[in-house]
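Here is a short walk through one model. We take a helix to begin with, then turn to the ligand.

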Amino acid sequence: MPTPPLKLDSPPQAGSPLVINASFLTVSLPRPPRKFYRHGWQSWSLAAWTEPPPLPVQRPAILHPLQTDPRYVNETSPHSSWIGAVELDENDILLVGALGLESHVQLSSKNSESQLEGAALSMSKGWYERDDGEWFIARGSEEFVFAKYAEELGKRFGKKSDKPAPRVWCSWYSLYTAIDEAILFRTFDELGDLPFDVLQVDDGWQTSIGDWEVNGKFPSGMNALAEKIKSTGRKAGLWLAPLITVESSRLFREHPDWFLRDENGKFASAGFNWGEQLYALDVTHPAMLEWLAALMKQVRAWGFDYLKLDFLYAGALPGKRFVDLPSEEAYRGALKVMREAMGTDAYFLACGSPVLPSLGLCDALRIGPDVSDKWEDPRDATLLYNFTTPGVRNAVRTTVSRLWLQPLIAVDPDVVYFSGKENSLSAEHKQLLQDLAFICNFKATSELPQWISPAERESLREFLTASPQVKRINRATFQIDDRIVDFSSALALPPPPRGLTKLPASFMGWLGNQPFALNLFHRLNKSAFRKKRQRAEIES
Ligand code: 9PG
C-alpha cells in the first residue's frame, strides 16, 4: 500500500535533515524562494540555479527524447529530476531529494491565482511515478545540504569506484566521425610521451549505430586498433551507443521486437541524430539482453578496457517493454548486465545517461553537454532556448551545477582544448575548460598532435601532470592553488526570447523539427569533418 500524501507545513530546522517515506510530498516554504535548483534528467540536460518562474520549453521538440526527460519537458512549473532545491536567502537552502528512482521535484504555487498575480511560488513538491519511496529533506548551507544528500544516495546506490580517473585522449573533438585507421595510428604515434593513460576511439569506427562491427575505414580490424594503442603503453578505449539504433541499421531491420514501443504500439522515438530517426532498445527483452552482454564481451575481446557507453538515456525512456518495469529500474537492470559482461576491471564511462539510475554501476559519468570550439551558439541559446547542445558555456554551466555528485562517482566534464589551429576559442575560455577539468579532477583532450605548437604541447603536458589544490569558495568561485577562478560568466542563462526575437525563435523551432533540415545539417557537418581530415593530411 502506498503511503498517503505527506505535507510538511514547515521545512526541517537547519542542520537536521529528515528522511521520510511518501509517494507525494509537499513542503510549504517559509518565504518565496529567490532561486530554484533544477536538475536535468540525463548528462546533457540542463542543471542550474535559475529564477523561480518556469523556463520556456526548449526547442526543437524532435530532440526532446535525446536531450531532456520527454515526459516533463512541457511542464509549466519549474521541474527537476529526483532533486530540487530553493534558495530562501543567502546561504539558506532547502533541498528536497528523492532517494529512489522515478521521482520528481517541482516548485509550485499554493493556488493558481497567486501565480497569476505574479506572486512568488511558494511550495516545493515531490513525487514518485509509482508507489512510494524515500525523501531526503534538509535546510542549511548549500554545501551542507548537497553533501548530506550525496551521503544518503551513496548508502543506497553504492560507493564511488576506487579506480583513479585516467587521463584520456579522445578522437571526437578533432575529426568527429571523419576518423580512419591511418590518421589514428599516426596520432597514437605522435602523442609520443605525453602522459595519457587511455587513448579512446570515438564515433566513426562502426558500420552503423546498432551494427557494432568495424567499417571499411579500419581495414586492419578492431583487434589491431586496440593492439596499436596498447603498443604505446596505454589502455585502449572505445565509444559505442549500445542502447540505441538508427532507422537504417541492420539491427533495427532484423529485430523489430527488441525495440521500445509507445502507447499505440508504434516505435517510440529516441530523438534524431546522425541525420536519422533514432529508436531505443527494449532493455527488458531477454534476447536483446543476451545480445548486449555478448557485445560487451566482444569489445573486451577486441582488447578495449575503457568503454565510453553513450546515448544510454534510450534505455530509460518511457514506453512499453517486454517486462513491465518502471523505466529507470529497467535501465539500471541493463547497466548491471553490461557491467557484469564487461567485467569490473573495465573502466566504464557512462554518457548521455540518466544520473541517479547510473550511480554505483559505472566508474565515471558525463555530467554536462558536449564542449565545442565555440563559447555559445546564439541560435541555440537565445532562439531555441536550448542549453543541451555543444558549447563551452553550456558544458561549464551544467557541470559546475552538478559537482555535488563527486563523492558518488567520477565526474567527466568533457575535453579541454590547447590548440590555436582549427579552434576559435579565446585563451580565457580555454583556460576555463582547463580549470573545469581541475575542479572535476578528470582530464581529457582531443586534438591532433600536428595542430598544436611546441608551446601548446608543453601546456598540455603541464595540464596532464598538474594536481592542483582545489577549494570551492561559493557556487561560482573556486580557489585552484593560488588562483581564484570565477565561473559566473557561464552559469547565467540568457533571457527568454521576447518581442521581435519571438518570430525568428518560432521559425527556428519549426525548422529544427523538420527531419530534412536536420539531415541537411548533418550532411554539411560531415563534409566539414571530411575537409578537416583532408587538411590534417596536408599538414603532415
Ligand atoms: C559521438 C558523440 C561524442 C560525444 C557525446 C555524444 O543533443 N544532442 O543532439 C547530442 C548529440 C551528440 C552528442 C551529444 C548531444 O554527443 O556526448 O562526446 O561521443 O556523442 O556521436
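Buried here means under 20% relative accessible area. The model is predicted. Keep that cut-off in mind for helix α6, which covers residues 221-231.

Which residues of α6 are buried? They are Gly221, Met222, Leu225, Ala226, Lys228 and Ile229. Note that a lysine, Lys228, is on that list. The spacing of such a list can be read against helix geometry. An α-helix has 3.6 residues a turn, so residues three or four places apart point the same way.

What do the buried residues of α6 pack against? Two helices are among the partners: α5 (181-190) and α8 (286-302). Three strands also take part, namely β13 (198-201), β15 (211-214) and β16 (235-240). Just after α6 comes Gly233, with a positive phi of about 90°.

Now move to the ligand.

For Trp44 the distance to a ligand oxygen is 3.3 Å. For Trp239 it is 3.2 Å.

How much of the ligand does the protein bury? Alone, the ligand exposes 460 Å², and the protein buries 93% of that.

Key:
Residues numbered from 1 in each chain as written. Predicted model: local features only at pLDDT ≥ 70, side-chain atom pairs only at ≥ 80, totals over all residues. Heavy atoms only, no water. Buried < 20%, exposed > 50% of the residue type's maximum accessible area, 1.4 Å probe, protein only. Helix = DSSP H or I, 4+ residues; strand = E, 2+ residues; numbered from the N terminus. Contact = heavy atoms within 4.5 Å. Polar contact = N/O pair within 3.5 Å; in protein donor to acceptor, adjacent residues only side chain to side chain. Areas by Shrake-Rupley, 256 points an atom, 1.4 Å probe, with all protein chains shown as cover.
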